[in-house]
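Hi everyone, thanks for coming. Could you bring the model up on the screen before I start?

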Amino acid sequence: MCWIFAYMWEKEATSFLLNWLRKLEYRWYDSAWIVEINNAWDFYLEKSVWKVWNLVNLVEKNEKDLTNYHIWIAHTRWATHGWVTLENCHPHYSLNKRFFLVHNGIIENYIELKKSLIKDWYTFYGDTDSEVLVKLIEKYFEKDLEYTIKKITKILEWAYAIAVIDRENPDVLVWAKIGSPLVLGFGQKEFFLSSDPNALNQTCNNFIPLEDGEIVIIKDNNFNIFNFNNELLADKEYHEFEEMEEERWKWDYAHYMLKEIYEIPYIFKNAIAWRINYEKDEIKSNTLAKLTQENIKKIEIIASWTSYNAGLTAATWFEELADLPTQVHMSTEFKYKKHFINQKTLYVFISQSGETADSLECLKIVKNKWGLTFWVVNVVWSSIARLTDMWLYTHSWTEIWVASTKAFIGQLTVLLLMSLALWNSRNLEYLKYKEIIWALENFDEKINEVLKRADKIKAIALRYSDYKNMFFLGRNLLYPIAMEWSLKLKEITYHHSEAYSSGELKHGPLSLIEENFPTVLLNPKTKLYDKNISTLKEVGAREWKVIWFITDWDKNKDLYTDIVEIPDTIEELTPFLLATTLDLFAYYIALNLWREIDKPRNLAKSVTVE
Ligand code: M6R
């Protein structure tokens with residue numbers, strides 16, 4: 001699972017490519033390479049494992065004159081098949097070193113294909129499915145690359161976005177895709193290829209997102225797009241980048257994670273600012289207005305992990321506010337379940353990246369059965385956003401660090417607005433609706449208030465950073481928040497934690513608790529406050545450590561080992577304040593453990609393979 005960036009023009013582009021690699025390294029960071037090729041059958045190739053700076057060091061030592069080179073390709077890898085080694089690092093090449101290939105995706109039948117190649121005496125230097133692809137091109141080569149790629153796509157199972165060079169035709173670059181994202185961008189006589197549309201923003205004005213089963217041939221300063229049936233697609237629509245690239249520097253912040261936590265109040269405000277008319281207590285969104293016209297009787301939410309947890313939180317809003325029964329599925333599970341797609345259910349997909357392969361697959365299943373789809377997405381022009389019937393952007397800007405902070409808040413904000421719009425259209429309890437709308441006005445100040453308490457949160461986090469196990473407990477609306485921060489703690493500290501509904505503790509997990517197993521209990525002012533006090537007693541009676549996340553008004557402060565206070569607010573909005581507080585809590589534990597916070601081990605920002 002990788003990121004591909006290719007560039008075709010007659011000027012030297014090494015530093016340009018390295019900058020792009022640095023800029024997008026946050027997404028995939030196991031290894032990186034660049035290749036540059038010129039008309040004289042000559043090429044310059046540099047590969048490195050682990051971080052991009054290794055590659056930068058190698059390239060800086062290069063003394064070769066690259067001024068006449070005209071195709072440049074860069075690649076960062078997140079290992080799926082084969083360990084992080086130079087052999088497994090792209091580009092992969094054929095036995096005769098005529099074809100070079102980069103690949104993003106997974107070829108599921110690669111073992112079978114590899115066995116058949118081995119029978120034909122092909123040898124392999126590495127373990128990747130991508131190497132199998134380039135050797136298939138070599139084996140089946142006929143006429144030209146375009147013809148050959150179309151031929152081999154028939155025997156490939158599942159996802160790929162590839163760029164291929166034939167050194168016998170070094171002025172031609174061929175790209176093809178099924179499943180994995182790929183975008184074609186244009187500058188002045190320049191052509192760009194990227195797995196991520198965001199990477200092209202500010203570099204070119206126009207772009208064409210490629211759809212599955214399309215192949216692009218760049219030749220003689222021109223491009224043509226074909227489908228796999230060899231039909232020329234002459235009327236592909238061009239798109240313009242509308243949004244300015246946001247700030248990607250981390251300024252004085254020690255980590256992107258911290259910077260992004262401090263952006264949360266702004267993200268919250270940004271996501272609702274022009275969508276609520278506070279004078280009229282109205283949600284102003286054409287998309288939501290259209291949504292409320294639909295005859296919806298049920299909601300099903302489909303997403304992966306953090307986005308799934310946002311979905312679980314929203315399920316309570318949809319049920320309790322909008323009175324709509326709601327079911328939440330992990331996209332990895334939904335795909336293999338029996339489907340009951342019907343026209344009275346709204347299928348809500350949530351994704352920060354808009355490229356998560358598992359969610360994208362589920363979307364296709366629902367669309368194939370004519371289900372009404374709605375996407376809550378952060379990345380404009382992502383694959384998923386292009387396929388849904390309706391969507392709302394979370395406007396969280398690019399999220400750099402792997403685990404999600406501000407994007408989660410952006411998702412919650414949009415989901416809350418959806419539930420308010422559906423609620424209002426169904427004329428339910430107007431006074432309660434008004435109370436929430438009013439509480440939302442200037443709510444970013446309450447989030448800011450949490451950030452001002454960072455030192456207190458840090459002091460408590462430091463006291464708990466050496467514990468290898470932790471429970472996160474919450475209930476109702478706050479159970480998914482406990483789940484999300486149990487995930488976050490695992491992601492960035494590598495410590496074990498589990499999340500439960502606090503009521504479930506006594507049904508089993510309580511047996512795990514002992515002196516070195518602290519419990520984080522979320523108990524702000526909610527209707528289940530007293531129930532949580534009972535949980536506290538169950539744990540506290542055994543003199544175990546309990547950190548409570550509570551609101552300022554709490555009168556039982558003496559019951560806890562440690563307390564973290566959040567500003568008072570209405571129950572429906574507590575997830576926003578607790579999420580921000582817990583972001584800081586997890587961050588400071590990871591900081592104290594000297595973890596590589598922005599690039600946690602084994603993880604990738606955007607999971608574009610199943
Ligand atoms: O881009 P998506 O929201 O579809 O991604 C889904 C998950 O891969 C993602 O939320 C992941 O769990 C985050 N790293 C969590 O912090």
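Some ground rules. This is a predicted model, where local features need pLDDT of at least 70, side-chain atom pairs count only at pLDDT 80 or more, and totals for chains, interfaces and linings use all residues. Residues are numbered from 1 along each chain as its sequence is written, and side-chain values use heavy atoms, with hydrogens and water left out.

Okay, the ligand. How many residues surround it? There are 13, and the closest are Thr-306, Ser-307, Ser-351, Ser-353 and Thr-356; a residue gets in if one of its heavy atoms lies within 4 Å of the ligand. Sorted by class, that shell has three nonpolar, eight polar and two charged residues. Here Ala, Val, Leu, Ile, Met, Phe, Trp, Tyr, Cys and Pro count as nonpolar, Asp, Glu, Lys and Arg as charged, and the others, Gly among them, as polar.

Now look at the ligand's oxygen atoms. The side chain of Ser-353 has an N or O atom 2.7 Å from one. Ser-404 comes in with a backbone N or O atom, 2.8 Å from a ligand oxygen. For Glu-491 it's the side chain again, with an N or O atom 3.0 Å from an oxygen of the ligand. On its own the ligand has 410 Å² of accessible area, and the protein covers 91% of that (Shrake-Rupley method, 1.4 Å probe; for residues, only the protein chains shown count as cover). Helix H9 (305–320) and helix H17 (479–493) are the elements that give two or more residues to the shell, and H9 has the largest share, with three. Helices (H or I, at least four residues) and strands (E, at least two) are DSSP runs, numbered from the N terminus.

On to the rings. Rings of Phe, Tyr and Trp (its six-membered ring) pair if their centres lie within 6.5 Å; planes under 30 degrees apart are stacked, over 60 edge-to-face, and the rest tilted. That rule gives 22 aromatic pairs. One of them is Phe-99 with Phe-141, a tilted pair at 5.1 Å centre to centre and 35° between the planes. Phe-99 is in strand E6 (residues 99–104) and Phe-141 is in the loop between helix H4 (129–140) and helix H5 (145–153), so this pair ties together parts 42 residues apart in sequence. Buried or exposed? Phe-99 is buried at 2% relative accessible area, while Phe-141 is partly exposed at 23%. The cut-offs are under 20% for buried, over 50% for exposed, and partly exposed in between (1.4 Å probe, protein chains only).

Also in the aromatic set, Phe-186, Phe-191, Phe-223 and Tyr-238 form one cluster.

Last stop, single residues. Glu-214 is in strand E12 (residues 214–219) and is buried at 7% relative accessibility. Its side chain makes a 2.9 Å polar contact with the side chain of Lys-236. A polar contact is a pair of N or O atoms within 3.5 Å; within protein, one must be able to donate a hydrogen and the other to accept it, and residues adjacent in sequence count only if both atoms are side-chain atoms.

And one about the backbone. Most residues other than glycine have a negative phi. Asn-230 has a positive one, near 75°. You'll find Asn-230 in the loop between strand E13 (222–227) and strand E14 (239–240), partly exposed at 48%.
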